[in-house]
Protein chains: 2
Amino acid sequence: MTFREILDIFENNDKFVILTHKSPDGDTLGSGFALCAFLRDMGKKANVLNSDSFPERYDFIYDGYYPQEFEPQYVIAVDIADTQLIGSNLSQFAEEGAIDLCIDHHISNKYFAKQSYVDPNASAAALIMYQIFKYSGREISRQIARCLYTGIATDTGCFKYENTIPEAHIACAELMAYGIDFAFINRKMFDVKSRGRMKVEQSVIGNMEYYFNGKCSVIVLTKKLMEESGADAAEFEGLASIPLTVEGVKIGITVKQRHENVYKISVRTNEDIDASAFCKAFGGGGHIRAAGCEIHGGLDEVKRLILEQVERVID
Amino acid sequence: MTFREILDIFENNDKFVILTHKSPDGDTLGSGFALCAFLRDMGKKANVLNSDSFPERYDFIYDGYYPQEFEPQYVIAVDIADTQLIGSNLSQFAEEGAIDLCIDHHISNKYFAKQSYVDPNASAAALIMYQIFKYSGREISRQIARCLYTGIATDTGCFKYENTIPEAHIACAELMAYGIDFAFINRKMFDVKSRGRMKVEQSVIGNMEYYFNGKCSVIVLTKKLMEESGADAAEFEGLASIPLTVEGVKIGITVKQRHENVYKISVRTNEDIDASAFCKAFGGGGHIRAAGCEIHGGLDEVKRLILEQVERVID
């Protein structure tokens, strides 16, 4: 598909539904709400849907948004690689033929839509969206620029990760020209933590265990600790990245209690170890630097099993 | 001064000393070593000096660097706003007339050198350096690109802070074309922490105090805590940003013990409060979002004085 064909679709239809993925992040919301505003600016009707509610921490993205009343005519999925990511409250869209167009940047995209524009090289779906808008030659609003900046910044870890391409920097340089409050956005997305989150971090770091001359670190999140912190589930997101941030650590492991004798294991590795292969040994899987699995047993038993596997791969 | 004049200086002199500021950071080292390599590539002799030793965490910046033997002829200060920042081991350069050229981006630059190029709008000294190199039309090496990227990334908090200008993004997009390992650099600069640092963070977060309905947070670093952590001075850098990361906090204060009854106060604020004005009340100063001062007295007395001042500005 070309950008011209996508723009023709925007022009030749009138009532759009934009689907964003469940457990929404900055990129699916940023690109979804940017597209919605772009279509409305074209005089179209458009709504953004999500299986979950829109999280409060992204409120500046849907600032000023209100749902419109209309009979949907054309469905666009953004940043959705697989119908499984649509979520249970929007399961009608997971059926074959329900989605007309998918705009995405995941290499794992399943091409479930009638038409798909997938660019796995793009750092974010919002980057593709920006390129489409730019190609159109239409003016975009400051609010659209905020949404797109947020999508690109969040999916690249604020330009930190390997997936950051030069075009991501250039797009954001151009988006900054709209006078967006990018420092506020970045502070909100990357720096600000709730007191509950602070407390949890402090506790897990304080009890971090080191093995194999500090090459492996382990944090344990028991149900008791999580309940006592007073933090809610969303505040435990991203904790799994902490063990690997310690200097010298090659494999960082997070052991999170799901139920009595059931533990979710999250593994993060640096250049030397394949996290996905590590987790496969326990029936799990994932990416080369980030993977997960579930192990049943008592905490000591679970830790023993993991450390035996670490010993096999550590050197 | 024009870039042409600066390049003429590079061409018309042969033996350069490049001064970087004490307690060196990624920008002074990045721009200093980039300039050194650029001059050497021009066939000149050049060394980088620092009053302190070059910190190990920046080892990839001075990778392959070796000091040359020569009688200095021309002295260039980079990222140095004031002769007080040269440091005690290089105090000979703090004397009037000792520095020929200063290239800097601090608005507070004291114009102590015979000639100065100061661009307070530039996000980093490394950004100015990149602009000079680009203007010259000379090829730069991948190592120079790494140094410049590091300077820009560190001084902007990885493009997060308000001082990030579009040109910073564009420069880094261009520097990425040299095939630099920017994700490695960012991981090392922003994510990896020593065990000592982890321990210190854990301790200060655990003892963080909140005032005025959580709008003000205070951390205290006593000499005892710092000694017991086993971490060295460099590992305490940047701790002052922690209090402001708590949700709802408008003014974050770090009280660091220098000596018995002498405390260094670091103040960080969000949009609502002027940190510089806050610190001026105690004879200090700085920027609108980050400032500092020194207060003499016992810890309780110092905290009382600070909180009285917070009460005056908090609403």
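Guide: A salt bridge here is a side-chain nitrogen of Lys or Arg within 4 Å of a carboxyl oxygen of Asp or Glu. The model is predicted.

Visitor: How many salt bridges are there between chain B and chain A?
Guide: Over all chains, the rule gives 36 salt bridges. For the contact between chain B and chain A, the count is 2.

Visitor: Which residue of chain A meets the side chain of D191(B) in a salt bridge?
Guide: D191(B) is in helix α6 of chain B, and its partner sits in the loop between α4 (142–155) and α5 (166–176) of chain A. The N to O distance is 2.9 Å, and the partner is K160(A).

Visitor: What area is buried between chain B and chain A?
Guide: Chain B brings 39 residues to the contact and chain A brings 39 residues. By class, the side of chain B that touches chain A has 22 nonpolar, 9 polar and 8 charged residues. Carbon and sulfur atoms give 63% of the buried area, which is about 3,400 Å².

Visitor: How are the two copies related?
Guide: Chain B is superposed on chain A by a rotation of 180° with 0.2 Å of shift along its axis, at an RMSD of 1.3 Å. Of the contact residues of chain B, 97% recur in chain A. The rotation therefore relates the copies as by a two-fold rotation axis.

Visitor: Is I205(B) buried or exposed?
Guide: I205(B) lies in helix α7 (residues 195–206) of chain B. Not counting residues up to four places away in sequence, I205(B) touches M198(A), Q202(A) and I242(B). Buried means under 20% relative accessible area. I205(B) has 12% relative accessibility, so I205(B) counts as buried.

Visitor: How many residues apart in sequence are the parts that the pair K188(B) and D59(B) ties together?
Guide: K188(B) and D59(B) form a salt bridge, with the closest N and O atoms 3.1 Å apart. K188(B) lies in helix α6 of chain B and D59(B) in the loop between β2 (45–49) and β3 (74–78), so the pair ties together parts whose separation in sequence is 129 residues.

Visitor: What separates D8(A) and R4(A) in helix α1?
Guide: The closest N and O atoms of the salt bridge between D8(A) and R4(A) are 3.3 Å apart. Both are partly exposed, D8(A) with a relative accessible area of 29% and R4(A) with 34%. Because D8(A) and R4(A) are 4 residues apart in helix α1 (residues 3–12) of chain A, the separation is about one helical turn.

Technical notes: Residues numbered from 1 in each chain as written. Chains lettered and ligands numbered in written order. Predicted model: local features only at pLDDT ≥ 70, side-chain atom pairs only at ≥ 80, totals over all residues. Heavy atoms only, no water. Helix = DSSP H or I, 4+ residues; strand = E, 2+ residues; numbered from the N terminus. Buried < 20%, exposed > 50% of the residue type's maximum accessible area, 1.4 Å probe, protein only. Contact = heavy atoms within 4.5 Å. Buried area = accessible area lost by both parts, 1.4 Å probe. Nonpolar A, V, L, I, M, F, W, Y, C, P; charged D, E, K, R; others polar. Least-squares fit on C-alpha atoms with pLDDT ≥ 70 in both.
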